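Please look through the sequence and the fold below before reading on.

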Amino acid sequence: MRPQLMAEPAVPFLPTPYEEFTFGPLFTALDLVEHHGWSIERVRAEIRRTRGPFRGHGASVHPVHLAWTAHALERYVAARTREQAAAEESGLPPTAAIKHPWTWRTRRSDSPDSRGARQYEHTLWGRVYASDDGTVRDLWIPSLGRAKPSRPDAEIGAVAQVMAYGAPTRRRRARDEPPAEASDTVRPPVLVRVFDVGCADGSVEPLLGAAPRFGEGPVEARKRFEADAVPAFLAATTATGTQPGESCVDCKAIVGCADLRRTPSLWGGRPPSAARKRRSVSVWDLRLYAECPAQYHLVRRLHLNDLSTENQGARRGRAVDSWLDARHGEQPVRGCRDRAAPDPAALRSSTDLDDASAREAVEMLAEHRLLCPLNGLDADERVLVQHRVAAYVPELDVVVLAVPDLLYTHRGRWIWRETKTSARPLWERESLLRTYPQLALAVLLFHAGALGDDPRRSWVELEHLRESRGKSRLEHLDPGRAEVVDEARNVIAGLAQPLLDDTTYEPRTGRHCHGCRARTWCRPGTAYVLDQPLAHVDASSRADGPTVHAPPQR
């Protein structure tokens with residue numbers, strides 16, 4: 001919100017081994033097509049020749065990222081071609097790409113306002129287009145998977161205002177102040193249109209206006225801005241609270257932040273040999289990296305999504321989690337002992353489960369009724385559902401993230417509950433901490449005081465749900481016991497150190513390739529799947545893995 005502010009001490013620029021802005025190479029490729037007249041075939045040939053940065057001086061681009069770029073480029077251009085043909089049929093003039101980003105800027109005042117600002121500048125992100133006569137302005141916002149049918153009203157209101165009253169503006173050098181004068185649109189457009197385009201399948205969704213023109217005029221855009229965007233803008237520019245989490249990775253003020261807990265030597269890791277940009281680490285990161293370093297980079301960092309569906313075991317676990325989260329989050333707090341499990345038909349209709357998986361999920365929820373930690377819990381105890389826990393390991397410059405299924409208090413102690421669903425019993429030969437590294441991370445966060453309490457008064461619990469009556473289990477771990485902490489530290493260190501040291505993210509093929517969301521563009525993964533087909537889809541496969549709360553598609 002205040003880009004001219006500088007951190008003290010200044011934050012040095014640190015590189016990444018690979019490009020981490022997913023759309024960066026795609027936008028470079030689109031610039032070649034839309035501004036330099038290159039053909040799709042020529043751009044694809046350039047992508048194939050790339051061995052490092054794609055026509056730039058930034059970080060190298062992972063080979064699978066380049067393959068995704070070629071795929072997305074074709075679908076984006078095809079989607080634009082279809083839309084322009086439909087627009088012509090409806091009588092609208094064609095639109096062409098605008099080279100500079102669109103900006104709406106106010107005039108710089110002589111004295112600051114109540115928020116300490118003298119000037120405001122609103123920008124947007126995406127691909128911008130305009131007709132030659134200036135009557136139509138378009139914004140295309142790419143999404144990694146399918147096109148989003150809607151976006152928040154505040155976002156659309158802000159975009160509409162910039163498109164209607166802004167102007168193309170050259171990019172400035174870092175730290176340069178904007179011009180003192182307001183951005184000037186000599187002649188506002190008649191129609192502003194906003195589209196979302198899916199890079200995985202080329203789908204397109206109109207976001208602004210209604211059929212058949214899918215757009216609005218400047219008057220409607222200003223009304224939308226004032227009604228929907230201004231309240232959100234004022235809240236963002238005046239709020240002073242903090243929310244430690246993923247955004248801490250890019251925060252310029254992390255050095256002086258007292259709300260992000262410091263946990264030095266959390267697992268005793270050593271800094272990588274080469275200085276790297278700050279990053280986050282979660283158990284999901286560690287599990288994906290352990291399977292395949294390329295999968296970690298492509299799915300976790302770049303969020304590539306080939307629209308493949310989860311297997312029934314993963315869907316079943318997600319359905320159980322969603323049902324429990326909704327009940328555990330109710331106020332006043334109420335346990336599940338007296339709740340009836342959902343009807344299989346009702347659960348199936350509200351999810352994408354098949355008949356067998358819906359019945360298994362209902363049986364697991366019935367098992368949970370006796371294991372529910374909220375049974376008999378006093379009304380004054382705290383209950384946090386899917387609460388984000390963040391900590392900072394300063395010597396590694398790493399933000400650690402965890403989202404327990406349930407955090408609750410009981411007689412002054414915090415308890416961390418993880419719930420897992422499985423068709424198989426726990427394997428007695430493998431320790432719980434190694435089977436479920438999220439338990440190991442919970443032990444370490446408690447032990448380091450990341451939740452602010454004496455670890456000797458805390459517990460970590462695993463609720464292992466199965467569909468067979470009486471087969472579910474509840475296991476307890478004490479983060480105050482030295483042997484438990486030592487094992488947890490060994491587990492996390494063994495998973496985290498290879499990830500922190502890696503700079504190549506080479507593919508590592510295996511059974512996980514069948515479920516990898518980036519495998520469509522990965523040659524080794526595709527070859528493995530063709531050579532090692534699954535005889536059948538195992539409904540319980542990956543059911544013992546981490547509950548993956550995927551980030552929103554972008």
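A salt bridge is a side-chain nitrogen of Lys or Arg within 4 Å of a carboxyl oxygen of Asp or Glu. This is a predicted model, in which local features need pLDDT of at least 70 and side-chain atom pairs count only at pLDDT 80 or more, while totals for chains, interfaces and linings use all residues. Residues are numbered from 1 along each chain as its sequence is written, and side-chain values use heavy atoms, with hydrogens and water left out.

The whole structure holds 30 salt bridges, and one of them joins Glu216 to Arg224, with the closest N and O atoms 2.4 Å apart. Buried means under 20% relative accessible area, exposed over 50%, and partly exposed in between (1.4 Å probe, protein chains only); Glu216, at 14%, is therefore buried, whereas Arg224, at 22%, is partly exposed. Arg339 and Glu330 also meet in a salt bridge, at 2.9 Å from N to O, where Arg339 is buried at 8% and Glu330 is partly exposed at 34%.

Helices (H or I, at least four residues) and strands (E, at least two) are DSSP runs, numbered from the N terminus, and two strands pair if DSSP finds at least two bridges between them. Five strands form an open sheet of mixed pairing in the order β11-β14-β15-β16-β17, with β11 (383-385) and β17 (473-477) as its edge strands. Strand β16 (residues 459-465) pairs with β17 in the antiparallel sense over 5 bridges, and Glu461 stands opposite His476 in β17.
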